[in-house]
Amino acid sequence: IQKNTGAYTSAVSLVMGLRQVLQYIKQAGLEKIFAEHQLMSKATKAAVKALGLELFSREGASDALTAVKAPAGVDGQDVVKTLREKYGIMIAGGQAEAKGKIFRIAHMGYIGNFDIVMIIAALEVVLNELGYKAPYGAGVKAAEEVLFGGA
């Protein structure tokens, strides 16, 4: 290795990304960011309940993501895979003992209110495709009422 050279390419894009995020946090303020995530969490959880689904964690649930129990007869991994492969929407599945039993919807970072509405609409479609009779529009309505109705 030559003098004054690195053994690898530095992660310039990661540093630049971090800079942008820190600038956003400074400009918006942590209180506003936390409130936005809390609102999206509340909307997602209301939507899930409106679809007749059960939250994985009922007490102390996170504002960062909503973990949902897959309905009977539906593999949570199939929900994740179908959303990703057919509709281009990324959510996470369960891990270890929870694999196939839950799926997780994130609502922090660069996710906005309309992203939540879109994810819920797609979730309604996918659940129906996989055999669970989710009432079309029920989750979207519940999410929109929280996000835009001042609930």
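1. Burial and overall make-up. Of the 151 residues in the chain, 35% count as buried. The model is predicted. The accessible surface of the chain comes to about 9500 Å². Carbon and sulfur atoms hold 58% of that surface. Along the principal axes, the C-alpha atoms fill a box of roughly 65 × 35 × 30 Å.

2. Secondary structure. The chain has five helices and four strands. Their order along the sequence is α-α-β-β-α-β-β-α-α.

3. On charge, the chain has 17 positive and 14 negative.

4. The largest pocket. Its volume is about 380 Å³. The lining has 17 residues, and the closest to the pocket centre are Tyr-24, Ile-33, His-37, Met-108 and Gly-109. Which elements give two or more residues to this lining? They are helix 1 (12-28) and helix 2 (30-50). Helix 2 gives the most, with seven residues.

5. His-37. This residue lies in helix 2 and is among those closest to the centre of the largest pocket. Is His-37 buried or exposed? Its relative accessible area is 13%, so His-37 is buried, the cut-off being under 20%. Beyond its neighbours within four places in sequence, His-37 is in contact with Asp-63, His-107, Met-108 and Gly-109. Two of these partners, Met-108 and Gly-109, are also listed among the residues closest to the pocket centre.

6. Lys-45. Helix 2 also holds Lys-45. Lys-45 has a relative accessibility of 12% and therefore counts as buried. Which residues does Lys-45 contact, leaving aside neighbours within four places in sequence? They are Leu-55, Ala-61, Ser-62, Leu-65, Thr-66 and His-107. His-107 is a contact of His-37 as well. Gly-93 lies 48 residues from Lys-45 along the chain, and their C-alpha atoms are separated by 17 Å.

7. Leu-53. With residues up to four places away in sequence not counted, Leu-53 touches Val-48, Val-68, Lys-69, Pro-71, Phe-103, Leu-127 and Tyr-132. Leu-53 and Leu-123 are 70 residues apart in sequence, yet 11 Å apart in space, C-alpha to C-alpha.

8. Leu-83. Helix 3 (residues 76-87) contains Leu-83. How is Leu-83 placed, buried or exposed? It is buried, because its relative accessible area is 0%. Its contacts, with neighbours within four places in sequence left aside, are Gly-88, Ile-89, Ile-91, Ala-122, Leu-123 and Val-126. Leu-123, a contact of Leu-83, is the residue whose C-alpha lies 11 Å from that of Leu-53. Leu-83 and Leu-130 are 47 residues apart in sequence and 11 Å apart in space, C-alpha to C-alpha.

9. Gly-94. This glycine is found in the loop between strand 3 and strand 4. At 9% relative accessibility, Gly-94 counts as buried. Setting aside neighbours within four places in sequence, Gly-94 is in contact with Gln-77, Lys-99 and Ile-102. Gly-76 is 18 residues away in sequence, with a C-alpha to C-alpha distance of 7.4 Å from Gly-94.

10. Ala-96. Where does Ala-96 lie? It is in the loop between strand 3 (92-93) and strand 4 (102-106). Most residues other than glycine have a negative phi. Phi of Ala-96 is near 50°, a positive value in a residue other than glycine. Ala-96 is exposed, since its relative accessible area of 62% is over the 50% cut-off. The loop between strand 3 and strand 4 thus holds the buried Gly-94 and the exposed Ala-96.

Technical notes:
Residues numbered from 1 in each chain as written. Predicted model: local features only at pLDDT ≥ 70, side-chain atom pairs only at ≥ 80, totals over all residues. Heavy atoms only, no water. Buried < 20%, exposed > 50% of the residue type's maximum accessible area, 1.4 Å probe, protein only. Areas by Shrake-Rupley, 256 points an atom, 1.4 Å probe, with all protein chains shown as cover. Lys, Arg positive; Asp, Glu negative; His and termini not counted. Charge placed at Lys NZ, Arg CZ, Asp CG, Glu CD. 1 Å grid on protein atoms, 1.4 Å probe; cavity = no way out; pocket = protein on both sides within 12 Å on 5 of 7 lines; lining within 4 Å. Points joined across faces, edges and corners; volume = space filled by probe spheres on them. Contact = heavy atoms within 4.5 Å.
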